[in-house]
Amino acid sequence: MKQLSQRPFLHASRAFAALATLCGGLLLSLSALAQTVDGTVEKIDTEAGKVTLRHGEIKGIDMPPMKMAFRVADPKWLQTLQVGDKVKFDAAKVNGQFTITAITVVK
Ligand SMILES: [Cu+2]
């Protein structure tokens with residue numbers, strides 16, 4: 001009896017798995033959106049250890065879309081960035097300064 005009642009669920013999860021495979025790329029980008037913020041590199045200041053981004057909404061720190069400069073948690077990241085790069089990043093307020101805690105260039 002229990003097995004019978006579980007079959008519809010199994011069937012549904014299999015269908016979902018097939019759908020997830022078909023839409024894998026889309027689902028991946030949706031989950032990336034849930035974790036990171038979209039931005040475009042506008043300026044890189046290696047001396048100050050800052051990067052200026054035009055960025056989308058940052059829900060974690062309650063910030064609307066804008067253009068602004070961020071500190072980066074690791075100055076080495078600035079060497080991997082170029083003006084015009086599209087990026088995904090996470091930001092947090094560290095010691096009172098908005099800081100990029102993770103960043104990747106979107107190809
Ligand atoms: Cu901002």
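Strands here are DSSP runs of E with at least two residues, helices are runs of H or I with at least four, and both are numbered from the N terminus; two strands count as paired if DSSP finds at least two bridges between them. Within this pair, select V72, whose bridge partner in β5 is I100.

The model is a predicted one, in which local features need pLDDT of at least 70 and side-chain atom pairs count only at pLDDT 80 or more, while totals for chains, interfaces and linings use all residues. Residues are numbered from 1 along each chain as its sequence is written.

**The whole chain**

Now display the complete chain, which holds two helices and five strands. Read from the N terminus, its elements follow the order α-α-β-β-β-β-β. Colour the chain by pLDDT, the predictor's confidence in each residue from 0 to 100: the mean is 81, and 67% of the residues reach 70 or more. Then select residues 26-34, where the pLDDT is below 50 and the model shows two contacts beyond near neighbours in sequence; a contact requires C-beta atoms, placed from the backbone, to lie within 7 Å. Where pLDDT is low, the predicted coordinates should not be read in detail.

**The barrel**

Select the five strands next. They form a closed barrel in the order β1-β2-β3-β5-β4, with mixed pairing. Neighbouring strands of this sheet are turned by 55° against each other on average, with direction ignored; the axes are lines fitted to C-alpha atoms, and angles run from 0 to 180 degrees between N-to-C directions, for helices over the stretch in contact.

Follow the strands around:

- β1 and β2 run antiparallel, joined by six bridges, and G39 stands opposite H55 in β2.
- β2 and β3 are also antiparallel, over six bridges; here L53 has M68 of β3 as its bridge partner.
- β4 (residues 86-94) and β5 (residues 97-105) form an antiparallel pair over eight bridges, in which V87 stands opposite V105 and F89 opposite I103.

**The two hairpins**

Move to the turn of the β1-β2 hairpin, where four residues separate the strands and G49 has a positive phi of about 70°. E47 sits in this loop, between β1 (37-45) and β2 (50-55). Is E47 buried or exposed? E47 is exposed, because 7 other C-beta atoms lie within 10 Å; exposed means 12 or fewer such atoms, buried means 20 or more, partly exposed lies in between, and the C-beta atoms are placed from the backbone. In the hairpin of β4 and β5, two residues lie between the strands, and N95 takes a positive phi near 50°.

**The core**

Finally, select V37, V51, L53, I58, F70, V72, V87, F89, A91, I100 and I103, the 11 residues of the largest nonpolar core. Such a core is a set of buried Ala, Val, Leu, Ile, Met, Phe, Trp, Tyr and Cys residues joined through C-beta atoms within 7 Å. The elements giving two or more residues to this core are β2, β3, β4 and β5, and β4 gives the most, with three. Centre the view on I100, which touches V51, F70, V72, A73, F89 and A91, residues up to four places away in sequence not being counted.
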